[in-house]
Amino acid sequence: FRIQIAPIEGIKESIVGVVAVLRDITEIRRLEEMRKEFVGNVSHELKTPLTSIKGYVETLLDSSPDEKISRSFLSIIREEANRLQRLIEDLLSLSRLESKSNYSSKEQVDMMKVINDTLSLLREKARKKSISLESDLPVSLPLIEANKDQMSRLMINLVDNAIKYTPRCGKVKVRSYNEGEKLILEVEDNGMGIPEKDLPRIFERFYRVDKARNRKLGGTGLGLSIIKHIIEEHQGQISVESKVGEGSKFIVELPLNA
Ligand code: ADP
């Protein structure tokens, strides 16, 4: 609490009372802490690839290693630069979504097309891990009022995560159907799953279940928080069911008219 006290003066400079104002600053402090943590996280996430790039460049310049080693260093540098690029793009998306002044235009979107485009885009990635990418879709789906780019982003992030966190020869399945005034999207995998204690936190910025390993898989730790913002912007809901070692299922509900 922040306390402000002021005297109440009576006649002839006598003090007849005191006014005390108590302001609950817990929320302000909490937001301030969150902001500081976020800035700390961003700095750390940007510094890690940069330090690695600088280290490899120094080694290449100082010791001129043979061609094979040089090429392997260059490919690490490229990978780290790609990570920086993804991180910056995700940070920009997040900041656009978080700024309330941003109005995202909505139109009638055909989710069947968005889903099929996502599957085509990620089929090669799934194939490389021998993961079967399946879909269970009705003959037709109603159009929904939504931002098309954000819907693509939502589907790509969910299916990409499902492929990323599922071991070789696993299965990823996308389902969609209409229920009353809502469209339901489900992305299910039989991968590593998420421990129960982490489930409430996975939508937080930079939260990862296994920091070191998940960073290696190429994620920025921002995907699910971007998804959460997109869904809020469409007055929808997202939930997740998961069991360690068995898999995860993300369920999205979107109103047909947001
Ligand atoms: P990342 O870029 O690390 O994938 P996300 O915000 O997309 O970040 O996801 C946050 C964390 O949630 C991931 O680091 C991972 O630990 C967990 N996660 C997300 N999707 C899945 C999934 N399908 N299976 C298991 N874990 C998942």
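Me: What is the relative accessible area of Tyr56?

Reply: This is a predicted model, in which local features need pLDDT of at least 70, side-chain atom pairs count only at pLDDT 80 or more, and totals for chains, interfaces and linings use all residues. Residues are numbered from 1 along each chain as its sequence is written, and side-chain values use heavy atoms, with hydrogens and water left out. Buried means under 20% relative accessible area, exposed over 50%, and partly exposed in between (1.4 Å probe, protein chains only). Tyr56 is partly exposed because its relative accessible area is 26%.

Me: Is Phe73 buried or exposed?

Reply: The relative accessibility of Phe73 is 17%. Because of this value, Phe73 counts as buried.

Me: Which kind of aromatic pair do Tyr56 and Phe73 form?

Reply: Rings of Phe, Tyr and Trp (its six-membered ring) pair if their centres lie within 6.5 Å; planes under 30 degrees apart count as stacked, over 60 as edge-to-face and the rest as tilted. The whole structure holds two aromatic pairs. For Tyr56 and Phe73, the centres are 4.9 Å apart and the planes are at 65 degrees, which makes the pair edge-to-face.

Me: In which helices do Tyr56 and Phe73 lie?

Reply: Helices (H or I, at least four residues) and strands (E, at least two) are DSSP runs, numbered from the N terminus. The pair links distant parts of the chain, with the two residues 17 residues apart. Tyr56 belongs to helix α1 (residues 26–63), and Phe73 belongs to helix α2 (residues 67–98).

Me: Which residue lies over the face of Phe38?

Reply: A charge sits over a ring if NZ of Lys or CZ of Arg is within 6 Å of the ring centre and within 35 degrees of the ring normal. At 3.9 Å from the ring centre of Phe38, the residue over the face is Arg205.

Me: How are α2 and α6 arranged relative to each other?

Reply: Axes are lines fitted to C-alpha atoms, for helices over the stretch in contact, and angles run from 0 to 180 degrees between N-to-C directions. The axes of α2 and helix α6 (residues 223–233) come within 10 Å and cross at roughly 25 degrees. Angles under 35 degrees count as roughly parallel, over 145 as roughly antiparallel, 65 to 115 as roughly perpendicular and the rest as oblique. Therefore α2 and α6 are roughly parallel.

Me: Which residues of α6 meet α2?

Reply: Contact means heavy atoms within 4.5 Å. On the α2 side are Asp90, Ser93, Leu94, Leu97 and Glu98. Their partners in α6 are Ser225, Ile226, His229, Ile230 and Glu233.

Me: Is the crossing of α4 and α6 left-handed or right-handed?

Reply: The axes of α4 and α6 come within 10 Å and cross at roughly 145 degrees. A crossing is left-handed if the near helix is turned anticlockwise from the far one by less than a right angle, and right-handed if clockwise. The crossing of α4 and α6 is left-handed.

Me: Is the crossing of α3 and α4 left-handed or right-handed?

Reply: The axes of helix α3 (residues 111–128) and α4 come within 9 Å and cross at roughly 35 degrees. The crossing of these two helices, α3 and α4, is right-handed.

Me: How many residues of α6 are buried?

Reply: The buried residues of α6 include Leu224, Ile227 and Ile231. The buried residues pack against α2, α4, β8 (237–243) and β9 (247–255). This helix, α6, is mostly covered, and of its eleven residues the number buried is eight.

Me: What is the relative accessibility of Cys169?

Reply: Most residues other than glycine have a negative phi. Cys169 counts as exposed because its relative accessibility is 58%.

Me: What is the relative accessibility of Phe206?

Reply: Phe206 also has a positive phi, near 65 degrees. Its place is in the loop between β7 (182–189) and α5 (211–216). Phe206 counts as buried because its relative accessibility is 3%.

Me: Which residues does Ser130 touch, not counting residues up to four places away in sequence?

Reply: Ser130 is found in the loop between α3 and β4 (132–136). Ser130 is partly exposed, with a relative accessible area of 36%. Beyond four places in sequence, Ser130 touches Arg168, Cys169 and Gly170.
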